[in-house]
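Please open the structure in a viewer and keep the sequence at hand.

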Amino acid sequence: MNLTNLREPAGECAGAQAPVGSRSIDEILDAARVRLRRLEPEAAHLAARAGAVLVDIRPAAQRAATGSVPGALVIERNVLEWRLDPRSVARLPVADRYDLPVIVFCQEGYTSSLAAAALQDLGLRLATDIVGGFVAWRGLGLPAFGPTDVYAQPTSAPLETARRTFT
């Protein structure tokens, strides 16, 4: 089969007509956010100090590159529902009730809105997210670690030893 004939001219996309009933990601995000009582970073910080579970859903590489929030529970997005569903055999011990106050955050507050809505679908009615995500949190000077320099150089002592060895 010759796939060359299946390519569309530049600027055109096969199946560009949206299927009936489909929604754009902007529509899905808006629908998710209508259901949430989103928190500004300061309010999220206070809620976490009062016992809400702060959940960082960002991938490890993003956390290493930009930093992390002390005390946040790290549950990457791809397993979030399984770890926080009180009915799941893969749930974390903290996910033992449906009235658990969960505050999800991602880098900028988009994916976290979708994730918080998914948690509400599981019955976690208090699930929400942080407006602006980690970027907003850090921008306000709230507690944060890092970023982690994954390419950090060792202290100068081993470097000096290596210089003496090779010179």
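Is Asp 85 buried or exposed? The model is predicted, and the tour begins with this residue. Select Asp 85, which is found in the loop that connects helix 4 (80-84) and strand 3. Its relative accessibility is 12%. Because buried means under 20% relative accessible area, Asp 85 counts as buried. Next, display Arg 91, Tyr 98 and Leu 122: Asp 85 is in contact with these residues when its neighbours within four places in sequence are left aside.

Four strands make up an open sheet, with parallel pairing and the order 2-1-3-4. Strand 2 (73-74) and strand 4 (128-129) stand at the edges, and each has a single partner strand, so one side of each is left without a neighbour in the sheet. In general, strands of a sheet pair through backbone hydrogen bonds.

Select strand 1 (residues 53-56) together with strand 2; two bridges join them, and they run parallel. Which residue of strand 2 is the bridge partner of Asp 56? Val 74 is that partner.

Proceed to helix 5 (residues 111-121). Helix 5 lies across strand 3 (102-105) and strand 4, and it runs at about 150° to strand 3.

Finally, consider the largest pocket, whose volume is about 170 Å³. Select its lining residues, among them Arg 35, Arg 37, Leu 39, Gln 120 and Arg 125. Val 102, Ile 103 and Thr 128 also belong to the lining. How many residues of the lining are nonpolar, polar and charged? Six are nonpolar, two are polar and three are charged.

Notes
Residues numbered from 1 in each chain as written. Predicted model: local features only at pLDDT ≥ 70, side-chain atom pairs only at ≥ 80, totals over all residues. Heavy atoms only, no water. Pairing = 2+ DSSP bridges. Contact = heavy atoms within 4.5 Å. Axes fitted to C-alpha atoms, helices over the stretch in contact; angles between N-to-C directions. 1 Å grid on protein atoms, 1.4 Å probe; cavity = no way out; pocket = protein on both sides within 12 Å on 5 of 7 lines; lining within 4 Å. Points joined across faces, edges and corners; volume = space filled by probe spheres on them. Nonpolar A, V, L, I, M, F, W, Y, C, P; charged D, E, K, R; others polar. Buried < 20%, exposed > 50% of the residue type's maximum accessible area, 1.4 Å probe, protein only.
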